[in-house]
Amino acid sequence: MELVCPAGSLPALKAAVEAGANAVYLGFRDATNARHFPGLNFTDAQIDEGLRLARARGVKVYVALNTYPQPHNWAQWAAAVDRAAALGVDAIIVADLGVLDYAADRHPDLPRHLSVQGSATTCEALAFLHARFGIRRAVLPRVLSLAQVRQVVAHSPVSIEVFGFGSLCVMVEGRCLLSSYATGKSPNTCGACSPAEFVRWEETPAGRTTRLGGVLIDRRAAGETAGYPTLCKGRYRVGDSTYYAIEEPTSLNTLALLPELMALGVVAVKIEGRQRSPAYVRDVTTTWRRAIDACARDAAHFAPRPEWLATLGKVSEGAQTTFGALHRPWQ
Amino acid sequence: MSTTGAPRLAIGPVLTYWPAEQLRTFYASVADGPADIVYLGETVCAKRRALRFDEWVEIAEHLVARGKEVVLSTLALVEAESERKTLRQICENGRFLVEANDLTAVALLAGRAPFVTGPTVNVYNARTLQRLAKEGLRRFVLPVELSRETFGALRAACPDGVEGEVWAWGRLPLALSARCFTARAHNLPKDDCAFRCLDYPDGLLARTQEGQPFLTLNGIQTQSAQTHSLLGDLDDVIALGADVLRISPQSRQTEVVVQAFADALAGRTPLDGPALARLAPLGLCDGYWRGAPGIAAPAA
């Protein structure tokens with residue numbers, strides 16, 4: 001099973017490579033990828049350097065081009081595909097059908113993975129994308145139960161990657177517009193959810209308020225910790241109750257499900273977090289490397305070690321973790 | 001199909017959960033109203049089974065007999081085998097045009113039957129549009145977060161025989177999840193939800209902690225609280241080449257909304273502010289169309 005790790009910067013890439021990643025994924029410094037945050041991502045020279053570092057250790061480099069161009073900026077995405085091909089990366093991770101079509105047409109030998117943002121949840125959808133655009137792998141949205149993942153893997157003509165760890169999108173990726181409803185900018189159009197320039201924190205007598213694009217996302221008492229204010233993790237009033245109407249701040253952690261994921265034929269597990277620090281990448285990659293190796297040696301007796309869970313717990317959003325949709329009761 | 005002249009009016013699929021009797025009453029009224037196109041079927045939650053497939057077809061036949069074009073709509077999030085089975089039945093119906101709301105439906109229809117892409121299929125650029133046109137796309141509904149500029153460019157890039165439809169009225173479909181937020185609001189698991197959506201014919205309102213209406217919880221779907229309206233932008237919508245205007249049903253006064261659009265297209269006096277406000281008690285928005293945050297209210 002391939003361990004695919006996030007590289008938001010060259011130091012993070014180094015950390016992933018040294019900690020045992022089989023592949024890293026990164027993006028260009030623009031809206032062509034879904035982590036378009038200030039200070040993140042790679043210039044061409046940095047990708048060259050990253051490729052050298054990765055290749056020296058036999059690690060693959062994937063470029064995420066997983067947002068949705070519109071007519072006015074189409075040329076930028078097309079150019080990004082050309083750049084990725086010229087750099088000689090191992091695959092591009094694409095969401096948009098038009099970009100897939102362009103890449104398949106212009107660079108047929110450049111491997112194409114379907115991004116989680118492509119929002120394909122069934123083997124029928126994957127068969128279509130394989131037949132028309134030659135995708136080789138797909139990252140599944142974090143909405144399927146384990147039984148449904150098994151069904152997709154069993155019938156998909158392409159190999160399947162799933163998310164293993166990191167911040168959890170509770171909404172179907174690639175089709176969530178909450179961010180643009182409040183700010184005008186969404187992951188699809190701008191490569192960022194709840195962009196930092198729209199966040200306002202304010203101390204008030206009633207507590208610390210967090211606003212996104214002027215909309216009050218949460219109000220907390222002094223001492224309550226606050227995660228990054230994505231709209232889906234705010235507290236709202238429904239009827240007479242004020243609560244996390246959509247999702248508590250929490251992270252996905254499927255470490256304990258590794259034996260099942262391996263047995264059902266998932267080829268790769270992805271770690272979320274290109275926006276996180278090199279230390280996060282190092283710790284999470286190290287932990288998952290050990291876990292995957294232990295599981296591959298003896299799946300029957302695999303159990304996550306307490307120190308692994310402690311390490312992952314420390315870097316989890318809201319300091320708690322969930323299996324997410326893989327575990328039916330969460331739904 | 002026409003690509004000139006005034007746009008036609010479409011009734012979108014009912015997004016909330018209404019009992020069978022309410023659906024029948026609603027479509028009986030639609031049959032007598034000025035809408036040209038009617039989208040039928042469940043698009044949000046497969047557990048909602050107010051009507052069976054053959055009962056939907058019965059309503060479809062009645063609407064066709066009254067001169068309406070009928071399109072069968074499909075689920076926006078397809079996961080379980082049972083959902084895929086129902087989807088195949090709709091896609092293979094052989095008689096009615098189908099609205100694909102996810103890539104599974106696109107896959108089942110591509111190269112086999114003409115189809116419409118709904119607002120949750122990401123048609124963001126001309127290359128996607130033209131690629132899908134080769135697969136049988138007849139009409140695309142603009143994803144709701146896209147602006148008038150993007151619609152204009154996409155409409156101009158439509159191959160012959162492909163139309164553009166815009167979300168002209170209704171709460172906006174903003175997100176889908178594996179999780180059911182209505183069940184969550186009642187501390188119920190999704191698998192044992194007691195069909196609480198039936199209690200909320202216009203969804204369950206989520207306000208911010210300072211009381212601003214913000215979102216509508218509709219089972220696994222999250223909608224806007226505000227009603228998106230292009231009623232005040234019709235000249236622009238028409239100038240950009242919209243072929244179809246979608247009105248998303250609400251539990252009350254949908255027929256008044258449809259009539260207001262028909263009147264406006266016929267050049268008759270538009271509704272005044274108070275009349276409009278009564279149709280959208282939580283307020284109007286049209287920001288997406290103007291390239292602004294979706295929640296932004298129309299210019300006064």
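These legends walk through a few close-up views of a predicted model.

Local features are described where pLDDT is at least 70 and side-chain atom pairs count at pLDDT 80 or more, while totals for chains, interfaces and linings use all residues. Residues are numbered from 1 along each chain as its sequence is written, and chains are lettered from A.

**View 1. Strand β7(A) is mostly covered.**

**View 2. β6(A) runs parallel to β7(A).** Strands count as paired when DSSP finds at least two bridges between them; β6(A), residues 137–139, has three to β7(A). Look for A:Val139 with its bridge partner A:Glu161. Helix α6(A), residues 146–155, carries the chain across in a right-handed β-α-β crossover: with the strands pointing away from the viewer, the path over the helix runs clockwise from the first strand to the second.

**View 3. β7(A) also pairs with β14(A) and β13(A).** Four bridges link β7(A) in parallel to β14(A), residues 268–271, with A:Phe165 partnering A:Ile271. With β13(A), residues 251–253, the pairing is antiparallel over three bridges, and A:Gly166 partners A:Leu252.

**View 4. Domain 1 meets domain 2 in chain A.** An automatic or database assignment gives domain 1 as 2–168 + 250–330 and domain 2 as 178–243. Their contact (C-beta atoms, placed from the backbone, within 7 Å) takes 12 residues from domain 1 and seven from domain 2.

Methods: Buried ≥ 20, exposed ≤ 12 C-beta atoms within 10 Å, placed from the backbone. Helix = DSSP H or I, 4+ residues; strand = E, 2+ residues; numbered from the N terminus. Contact = placed C-beta atoms within 7 Å.
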